[in-house]
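Me: I would like to go through the sheets and aromatic pairs of a model. Please give the general idea each time, then the case at hand.

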Amino acid sequence: MGKKQEKTNVMRILDQKKIEYSHFAYDNSKLNAEEVARCLGQSVEKVFKTLVTVGKSGEHYVFVVPANKELDLKKGAKCAKEKSIEMIPQKELLPLTGYIHGGCSPIGMKKQFKTFIHTTARDFDRIYFSAGRVGNQVSTSLESLQKVIDVVPADIIKENS
């Protein structure tokens, strides 16, 4: 899938926790999560994108949703026990998480925020998500991801997205 690249922080954290994972590198001009799934030869349901939000309270929350789905902000707010949530402006992503748009991973953020993943992650032996750098993905099981970060499966997507 491309030349050997140096390990990302996500990969170092997974190694440190002795979590089994696979790393995939692909053409980093693909920023759309659905295009990434095609590059990986995986169904879009198995490839997850990481979204960062802010609640009415000012707290931040992370939502991990299938590549072809949209976060339902009302469902997300309910899970986070917030009155409302909204996506953070893209310019705030790097200072807040340490990641840029297209390379945001639920693992290895500057600060660990309350994190929710769509319930369909339970349906797969392995799920794919950003390795923390554009053009890099890792795959592991939901159970393995839960050994690294506190991530709660929840119904968080729009019904018709």
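**Sheets and aromatic pairs**

Reply: An open sheet of five strands has the order E4-E2-E3-E5-E8, with mixed pairing. Strands (E, at least two residues) and helices (H or I, at least four) are DSSP runs, numbered from the N terminus, and two strands pair if DSSP finds at least two bridges between them. The model is predicted: local features need pLDDT of at least 70, side-chain atom pairs count only at pLDDT 80 or more, and totals for chains, interfaces and linings use all residues. Residues are numbered from 1 along each chain as its sequence is written, and side-chain values use heavy atoms, with hydrogens and water left out.

Me: Which strands stand at the edges of this sheet?

Reply: Strand E4 (85–87) and strand E8 (151–154) do; each has a single partner strand, so one side of each lacks a neighbour in the sheet. On average, neighbouring strands here are turned by 35° against each other, direction ignored. Axes are lines fitted to C-alpha atoms, for helices over the stretch in contact, and angles run from 0 to 180 degrees between N-to-C directions.

Me: How many bridges join E5 and E8?

Reply: Strand E5 (residues 114–118) pairs with E8 in the parallel sense over four bridges. The bridge partner of threonine 115 in E8 is valine 151. Helix H3 (residues 73–80) lies across strand E3 (60–66), E4, E5 and E8, and runs at about 125° to E4; contact means heavy atoms within 4.5 Å.

Me: What is the strand order in the open sheet of three strands?

Reply: The order is E1-E7-E6, and the pairing is antiparallel. Strand E1 (22–25) and strand E6 (127–130) are at the edges, each with a single partner strand, so one side of each is left without a neighbour in the sheet. Four bridges join E6 to strand E7 (residues 136–140), and serine 130 has glutamine 137 as its bridge partner in E7.

Me: How many aromatic pairs are found in the whole structure?

Reply: A pair of aromatic rings is described by the distance of the centres and the angle of the planes. Rings of Phe, Tyr and Trp (its six-membered ring) pair if their centres lie within 6.5 Å; planes under 30 degrees apart count as stacked, over 60 as edge-to-face and the rest as tilted. The search finds two pairs. The ring centres of phenylalanine 24 and tyrosine 128 are 5.5 Å apart with the planes at 45°, so this pair is tilted. Phenylalanine 24 is in strand E1 and tyrosine 128 in strand E6, 104 residues apart.
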